[in-house]
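Student: Hi, could you walk me through this model? I'd like to go piece by piece.

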Amino acid sequence: MRLRESNQITRIPRVDFTDQRVQAQGLSQLSSSLQRMSSFFLQQSADKARIEGAEYGAANAPTPKQIDEAYKAGQELELPGDKSTVYGRSVRKAALEVADDQITALASMGMSNLAQVFDNALNDDTMTDEKRAALAAEIGVKDFGPQSFATALDTINAGYASVLDENAPSVARKFRAQSAITANSKYNKYLEAYVKKNNERLEAQFFQAQENLFSNEVLRDLLTGENGLVELERLRQERTRKSISFLEGSEIKTFQDNMDATQKTAAMQVL
């Protein structure tokens, strides 16, 4: 018995997944919406934490007294907050900003007070050497020269910067750079005043010495001594050479005219 071949094609029924696709799309959209809502609420929560953290940090930042205590003790300044949470970072950031302003103000005041002490020591002609030395020891310097002033300024800047070296090194570096500009300005001002005052003192000493070294009495003794004229000329040249450091132009001529007058008076007295 033979089987006949069939030319008919067997058709497989098609399954319609439309409902499933619609359901999947709906679930995807719902998930996206939930994610957006979650992100929104998370952002709101983070914003609230940042605001509350900033308020707390500003209110609980280190006080000027605490900063000064850390500066004098050479210790690191304690800051509120942390680095692991939004709230903690906001607290820390706000406290650090306040502390930075406070440190800058304290350092500036310290440098101004230091400059005032140096200015007084430089310009107070009634101050004795003993009192000046005691004042220098009181503020921790060896004298009131420009180098001592520069060292004292550096000590202030380095001391205040060090309270943030570990907890906020970038802020400490910024403070050092800004404070160095202020210190340099004060140093240059003092250096100019110091040089001027020192020149005035040397000039006063020179003229005081001139009265003693080129007096009638001294010249009379020279003129009556051996090689009097030679010694007199040597003394005159020496005093003229030194006068150039303090005098110029017509002042030098006036100085020499005065020596001529003194020399003439002494000569007349010898005769």
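This is a predicted model: local features need pLDDT of at least 70, side-chain atom pairs count only at pLDDT 80 or more; totals for chains, interfaces and linings use all residues.

Student: Where is Asp100 found?

Tutor: Asp100 sits in helix 3, which covers residues 86-123. Helices here are DSSP runs of H or I with at least four residues, strands are runs of E with at least two, and both are numbered from the N terminus. Residues are numbered from 1 along each chain as its sequence is written, and side-chain values use heavy atoms, with hydrogens and water left out.

Student: Thanks! Is Asp100 buried or exposed?

Tutor: Asp100 is buried, at a relative accessible area of 10%. The cut-offs are under 20% for buried and over 50% for exposed, with partly exposed in between, using a 1.4 Å probe and protein chains only.

Student: And what does Asp100 touch?

Tutor: Leaving out residues up to four places away in sequence, Asp100 touches Val171 and Lys174. A contact means heavy atoms within 4.5 Å.

Student: Staying in helix 3, what about Tyr87? Which residues does it touch?

Tutor: Tyr87 is in helix 3 as well. Tyr87 touches Ala49, Glu52, Gly53 and Tyr56, again not counting residues up to four places away in sequence. Its relative accessible area is 35%, so Tyr87 is partly exposed. From Tyr87 to Asp47 the C-alpha distance is 9.1 Å, with the two 40 residues apart in sequence.

Student: Let's zoom out. How many helices and strands are there?

Tutor: The protein chain has nine helices and zero strands. Read from the N terminus, the elements go α-α-α-α-α-α-α-α-α.

Student: What share of the contacts is between residues 24 or more positions apart?

Tutor: Such pairs account for 66% of the contacts in the protein chain that have a separation of 6 or more.

Student: New topic: how many salt bridges does the structure hold?

Tutor: It holds 11 salt bridges. The criterion is a side-chain nitrogen of Lys or Arg within 4 Å of a carboxyl oxygen of Asp or Glu. One of them joins the side chains of Asp165 and Arg176, at 2.9 Å from N to O.

Student: Which residues are linked in a network of salt bridges?

Tutor: That would be Glu231, Arg234, Glu238 and Lys242. Glu231 pairs with Arg234, their closest N and O atoms being 3.2 Å apart. Those two are three residues apart in helix 8 (residues 228-243), which means about one helical turn separates them. Glu238 also forms a salt bridge with Arg234, where the closest N and O atoms are 3.4 Å apart. Glu238 and Arg234 are four residues apart in helix 8, again about one helical turn.

Student: How accessible are Glu231, Arg234 and Glu238?

Tutor: Each counts as partly exposed: Glu231 has a relative accessible area of 29%, Arg234 has 45% and Glu238 has 21%.

Student: What's going on with the phi of Asn227?

Tutor: Asn227 has a positive phi of about 55 degrees although it is not a glycine. Asn227 is in the loop between helix 7 (216-224) and helix 8.

Student: Last one: where is Glu200?

Tutor: Glu200 is in helix 6, residues 169-213, and is partly exposed at 39% relative accessibility.
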